[in-house]
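I opened my notebook beside the viewer and jotted down what I looked up, one stop at a time. Have the structure open and follow along.

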Amino acid sequence: MARKMLIDGEAELVQGGEEGTNFDFDLFIIGAGSGGVRAARFSANFGAKVGICELPFHPISSETVGGVGGTCVIRGCVPKKILVYGGSYRGELEDARNYGWELNEKIDFNWKKLLQKKTDEINRLNGIYKRLLSNAGVKLFEGEGKIVGPNEVEVTQLDGTKLSYSAKHILIATGGRAQRPNIPGQELGITSDEALSLEELPKNAVILGGGYIAVEFASIWRGMGSTVHLVFRKELPLRGFDDEMRAVVARNLEGRGINLHPRTTLTQLIKTEDGIKVITDHGEELIADVVLFATGRAPNSKRLNLESVGVELDKTGAIKVDEYSRTNIPSIWAVGDVTNRMNLTPVALMEASCFAKTVFGGQSIKVDYSNIACAVFCIPPLSVVGLSEEQAIEQTKGDLLVFTSTFNPLKNTISGRQEKTVMKLVVDAETDKVLGASMCGPDAPEIIQGIAIALKCGATKAQFDSTVGIHPSAAEEFVTMRSVTRRVTGGGKPKTNL
């Protein structure tokens, strides 16, 4: 039976196949990462018969291996955060001495032990995700899935056997994959997949890129004692974030001993007896044990056979979808990084939830991409929600009030660490509405998650000011910033070459 959903207040049939057709599944999902698993479970809970396929498990992804849990669980957010914790201890141990802890000058770090603990944890999570699917009544197939018709998928199993299934709806949730730059010697470099599973900790590392992955791995390896060179094209890392906060991150990276190479890229890698010779576009030469390419990710859509049914892609290979995650083929949908909308795990989860509620829950829910908080887990971390100052200038017509607070955290007053915490609020001068919040400093993601709720509720600066802070804490600074740092005129087109 065709289901109905409300779109813009009007009932519309949600049909993936002809009325009266019998399908093997109500929903078949290709890709069992965060988005795929969420869509499978929620759809099954609404009564749908759901099948899902995923490549066999391996920490390093390829066209033939992957694993239930996807990038975030196996080779992304979770193992990365574990390594960030590991890299943070070096600074903590340095700070501990002024707190009375008598430590030996030489403290050994066992990379292999941490690596094994990380692997044990992702294996555990892989098992948990499989059980979540089983407990929801979802049928899991191990193998490579592709589309062979608007309502038909083919799964190639490990032994080469091909299975074909019909489905009223097909959901693609295959995520993305790390890219390599097209330069001579690029085969000598690695991506974040391999970086999370290196057998030996590099003594000398060169990282190409200025985004999340680049600055996070720079912090991880430097925290573990490696010499790190971070090479990026712009004047500051983290393009797209608030320029003021980007400068803070750059200062902190340098303060932690990371060598920054702004306005620079790599032109060639050469294998030598001493390691990998890295040549920059300025003619500079560096020697490294490891060269990490953190130069972006691409939608994982090439092997899905989408052209056979005419699913539209953009120039990056991302699947084009509407505001309900539906492709131009009515029976085929897509969520997560393969659509290249906002490539964050919690966003993929939200898209998957909205999909399930819309198609199988009798609701009509569009994804709201406003005021989504995010964090960069460098050391110390950066976290933001809402508009940056540059975005606010471009998107608002009236004046903006910018409030900032830069201070030495209480912990640092004893440890002696010279590393400031910086907080920022961007406020609409006319409405008093808080448009954006940023923080770089210890616990920033934990604090900004709470601030995100306030922004989602449309909080004003007056409401921030009327909130009683928790003392002593860094978080209370967000409710005690009384003085305007600067007033900025909106409605312009800020151009930054940073």
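**Entry 1: helix α8**

I began with the burial of α8, where Val347, Ala348, Glu351, Ala352, Ser353, Cys354, Phe355, Ala356, Thr358 and Val359 are buried. I remind myself that this is a predicted model. Helix α8 covers residues 345-359, which is 15 residues. From its first C-alpha to its last I get 21 Å, close to the 21 Å expected at 1.5 Å a residue.

**Entry 2: aromatic pairs**

How many aromatic pairs does the count come to? I find 10 aromatic pairs. I looked up Phe28 and Tyr165, which form a stacked pair, with 6.1 Å centre to centre and 15° between the planes. Phe28 belongs to strand β3 (residues 25-30) and Tyr165 to strand β7 (residues 162-172), so this pair ties together parts that are 137 residues apart in sequence. I also checked burial here: Phe28 is buried, and so is Tyr165.

Then I turned to Phe217 and Trp221, a tilted pair with 5.4 Å centre to centre and 50° between the planes. Both residues lie in helix α6 (residues 212-223), and because they are four residues apart there, about one helical turn separates them. Phe217 is buried, and Trp221 is buried as well.

**Entry 3: a cluster and two lysines**

I went back to Phe28 and Tyr165 and noted that they form one aromatic cluster with Phe25 and Phe141. The charged end of Lys49 sits over the ring of Phe25, 5.5 Å from its centre. Over the ring of Phe141 I find the charged end of Lys139, 5.6 Å from the ring centre.

**Entry 4: the parallel sheet**

Next I traced an open sheet of four strands, in the order β11-β10-β9-β15, with parallel pairing. Which strands are at the edges? They are β11 (259-261) and β15 (290-293), each of which pairs on one side only. I get an average twist of 20° from one strand to the next.

Strand β9 (residues 204-208) pairs with β15 in the parallel sense, over four bridges.

**Entry 5: Met224**

I stopped in the loop between α6 and β10, where Met224 is found. Is Met224 buried or exposed? Its relative accessibility is 9%, and buried means under 20%, so Met224 counts as buried.

What is Met224 in contact with, leaving aside its neighbours within four places in sequence? I list Leu83, Gly86, Gly87, Arg90, Phe109, Trp111, Leu114 and Leu201. I also looked up the separation from Asp108, which is 116 residues apart from Met224 along the chain, and the C-alpha atoms of the two are separated by 9.8 Å.

**Entry 6: a hairpin**

My last stop was β12 and β13, which form a hairpin with two residues between them. Strand β12 (residues 266-272) and strand β13 (residues 275-280) pair in the antiparallel sense over six bridges. Leu266 stands opposite Thr280 in β13.

How values were computed: Residues are numbered from 1 along each chain as its sequence is written. This is a predicted model: local features need pLDDT of at least 70, side-chain atom pairs count only at pLDDT 80 or more; totals for chains, interfaces and linings use all residues. Side-chain values use heavy atoms; hydrogens and water are left out. The expected span of a helix is 1.5 Å times one less than its number of residues. Buried means under 20% relative accessible area, exposed over 50%, partly exposed in between (1.4 Å probe, protein chains only). Rings of Phe, Tyr and Trp (its six-membered ring) pair if their centres lie within 6.5 Å; planes under 30 degrees apart count as stacked, over 60 as edge-to-face and the rest as tilted. A charge sits over a ring if NZ of Lys or CZ of Arg is within 6 Å of the ring centre and within 35 degrees of the ring normal. Two strands pair if DSSP finds at least two bridges between them. Axes are lines fitted to C-alpha atoms, for helices over the stretch in contact, and angles run from 0 to 180 degrees between N-to-C directions. Contact means heavy atoms within 4.5 Å.
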